[in-house]
Amino acid sequence: MTQRSNTLVSVVAGLLVVAVLAGLGALFYTRPVAAQTNTGVPGMRQVSVLGHGEVKARPDTATVQIGVDTEAASAKEALAQNSAQAQALQAKLAELKVDPKDIQTSNFSISSVYGADRRP
């Protein structure tokens with residue numbers, strides 16, 4: 001190759017390197033176009049997001065409060081009636097396959113009832 005051919009190849013290669021670097025520089029230094037929107041404050045960049053979600057699952061927990069209230073002539077008689085009703089309720093819950101460990105008593109009280117026609 002001659003001196004002239006070598007110089008021409010060097011110039012073309014140099015121009016290609018400069019063009020590639022200029023293109024990369026333009027790519028890295030250009031700002032992205034702002035999102036276009038019809039609402040909001042002009043000149044401010046905004047992002048609008050719209051979504052919908054739905055979850056379906058079988059419930060695994062329920063809280064139910066049931067009370068048994070009995071009035072009788074004596075506390076002993078009321079307790080016996082109350083116990084029978086509570087046992088019937090527990091039997092029904094067992095029939096419905098409610099685990100006995102999930103059943104609990106939270107309150108038990110005995111009180112006298114007074115009124116115009118009743119005496120303690």
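**Labels and the values behind them**

Analyst: Let's start with the largest pocket, whose lining has 18 nonpolar, 15 polar and 7 charged residues. Here Ala, Val, Leu, Ile, Met, Phe, Trp, Tyr, Cys and Pro count as nonpolar, Asp, Glu, Lys and Arg as charged, and the others, Gly among them, as polar. A bit of background: this is a predicted model, where local features need pLDDT of at least 70, side-chain atom pairs count only at pLDDT 80 or more, and totals for chains, interfaces and linings use all residues. Residues are numbered from 1 along each chain as its sequence is written, and side-chain values use heavy atoms, with hydrogens and water left out.

User: What volume does the largest pocket have, and which residues are closest to its centre?

Analyst: Its volume is about 1600 Å³. Of the 40 lining residues, Ile66, Gly67, Val68, Asn82 and Asn107 are the closest to the centre. On a 1 Å grid over the protein atoms alone, a pocket is an open set of points where a 1.4 Å probe fits, with protein on both sides within 12 Å along at least five of seven lines, and lining residues have an atom within 4 Å of a point. Grid points are joined across faces, edges and corners, and the volume is the space filled by probe spheres set on the points.

User: Why is asparagine 82 called buried?

Analyst: Buried means under 20% relative accessible area, exposed over 50%, and partly exposed in between (1.4 Å probe, protein chains only). Asparagine 82 comes in at 17%, so it counts as buried. It sits in helix H2; helices (H or I, at least four residues) are DSSP runs numbered from the N terminus, as are strands (E, at least two). Threonine 70, in the loop between helix H1 (3–29) and H2, has 16% and is therefore buried by that cut-off too.

User: What makes asparagine 82 and threonine 70 a polar contact?

Analyst: Their side chains are joined at 3.2 Å. The rule wants a pair of N or O atoms within 3.5 Å; within protein, one must be able to donate a hydrogen and the other to accept it, and residues adjacent in sequence count only if both atoms are side-chain atoms. So 3.2 Å passes the distance limit. Leaving aside neighbours within four places in sequence, threonine 70 is also in contact (heavy atoms within 4.5 Å) with residues including Ala78 and Gln85.

User: How do you know that lysine 92 and glutamate 95 form a salt bridge?

Analyst: A salt bridge is a side-chain nitrogen of Lys or Arg within 4 Å of a carboxyl oxygen of Asp or Glu. Lysine 92 and glutamate 95 meet at 3.2 Å, N to O, so they qualify. They are 3 residues apart in helix H2 (residues 75–95), which means about one helical turn separates them. Lysine 92 is partly exposed at 42%, while glutamate 95 is exposed at 56%.

User: How many salt bridges does the rule give?

Analyst: The count is 3. Among them, glutamate 54 and lysine 56 meet at 3.5 Å, and both of these residues are exposed. Aspartate 102 pairs with lysine 101 at 3.8 Å, and these two are exposed as well.

User: What makes the phi of lysine 97 worth a mention?

Analyst: Its phi is near 65°, a positive value in a residue other than glycine. Most residues other than glycine have a negative phi. Lysine 97 lies in the segment after H2 and, at 76%, is exposed.
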